[in-house]
Amino acid sequence: MPVSESTVPRRRLGLIIGVVLLALLCLNAWAQVFRSLVGWDDNPPLLIAWQAVSGAIACVAAIGAWRLRSWAPAATVLYGLVTGTMIGMLASIIDLEPDARGGLAVSALVVVCLSLVLAWAVRAPGRTDSPAPSDAAANY
């Protein structure tokens, strides 16, 4: 059956940018895992696990957003919470010196806040828009 333009959902620019960012975040996390597993970095196993989980969640969020799934924004927020937690725990995971720990809490908060913005960007079209009053009245 041929696909017409009316059956193919249009993706907003914000959604496309959000999907690209999530895909890049996924690739970055998995690149860190790969570098550690092949011995190019000497990260502790706990950090490697956090990176793998973070990358997997970013991948799931990107795929869900591209497919316009209603759960994609929640997956995006979950990515931010997991990654923010990982950043917040870095001091204990890699045994940072006290003077190097200063910006970790702020960085973790920034990641969580940015994930909220990304979640808004990848929401499915029409999910949060309420109908105009005249449209709502016409349905009754």
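Colleague: What span should the 18 residues of α4 have at 1.5 Å a residue, and how far apart are its end C-alpha atoms?

Modeller: The expected span of a helix is 1.5 Å times one less than its number of residues. For α4 that gives 26 Å, and its end C-alpha atoms are 26 Å apart, which agrees. Please note that this is a predicted model, in which local features need pLDDT of at least 70 and side-chain atom pairs count only at pLDDT 80 or more, while totals for chains, interfaces and linings use all residues. Residues are numbered from 1 along each chain as its sequence is written, and side-chain values use heavy atoms, with hydrogens and water left out.

Colleague: How many helices and strands does the protein have?

Modeller: Helices (H or I, at least four residues) and strands (E, at least two) are DSSP runs, numbered from the N terminus. Here there are five helices and zero strands, and the order from the N terminus is α-α-α-α-α.

Colleague: What share of the residues counts as buried?

Modeller: Buried means under 20% relative accessible area, exposed over 50%, and partly exposed in between (1.4 Å probe, protein chains only). Of the 140 residues of the protein, 32% are buried.

Colleague: Which residues of α4 are buried, and where do they lie around the axis?

Modeller: The buried residues of α4 are Leu104, Ala108, Val111, Ser115, Leu118, Ala119 and Ala121. They cover an arc of only 150° around the axis, which puts them on the same side of α4; the arc is that of the directions from the helix axis to the C-beta atoms. The face turned away from this buried side carries the exposed residues Ala105, Val106, Leu109, Val117 and Trp120.

Colleague: Against which helices do the buried residues of α4 pack?

Modeller: They pack against α1 (13–37) and α3. Contact means heavy atoms within 4.5 Å.

Colleague: At what angle do α3 and α4 pack?

Modeller: Axes are lines fitted to C-alpha atoms, for helices over the stretch in contact, and angles run from 0 to 180 degrees between N-to-C directions. Helix α3 (residues 72–93) and helix α4 (residues 104–121) pack at about 175°, with their axes 8 Å apart. The two helices are therefore roughly antiparallel to each other, a term for angles over 145 degrees. Among the residues that make the contact are Val77, Gly80, Thr83 and Ile87 of α3, and Ala108, Val111 and Ser115 of α4. By class, this contact has 13 nonpolar, seven polar and no charged residues. Here Ala, Val, Leu, Ile, Met, Phe, Trp, Tyr, Cys and Pro count as nonpolar, Asp, Glu, Lys and Arg as charged, and the others, Gly among them, as polar.

Colleague: What does Thr83 touch, leaving aside its neighbours within four places in sequence?

Modeller: Thr83 lies in helix α3 and is buried, with a relative accessible area of 6%. Apart from those neighbours, Thr83 is in contact with Ser54 and Val111.

Colleague: Which residues does Val82 touch, not counting residues up to four places away in sequence?

Modeller: Val82, also placed in helix α3, is buried at a relative accessible area of 14%. With that exclusion, Val82 touches Trp50, Val53, Ser54 and Ile57. The C-alpha atoms of Val82 and Ile57 are separated by 8.7 Å, although the two residues are 25 residues apart along the chain.

Colleague: Against which helices do the buried residues of α2 pack?

Modeller: They pack against α1 and α3. Among the buried residues of α2 are Trp50, Ser54 and Ile57.

Colleague: Which residue with a positive phi follows α2?

Modeller: Most residues other than glycine have a negative phi. Leu68, which follows α2, has a positive phi, near 60°. Leu68 is placed in the loop between α2 (45–66) and α3, and is buried, with a relative accessible area of 15%.

Colleague: Is Asp95 buried or exposed?

Modeller: Asp95 counts as exposed, at 61% relative accessibility. Asp95 lies in the loop between α3 and α4 and has a positive phi of about 55°, although it is not a glycine.

Conventions:
Parallel < 35°, antiparallel > 145°, perpendicular 65-115°, else oblique.
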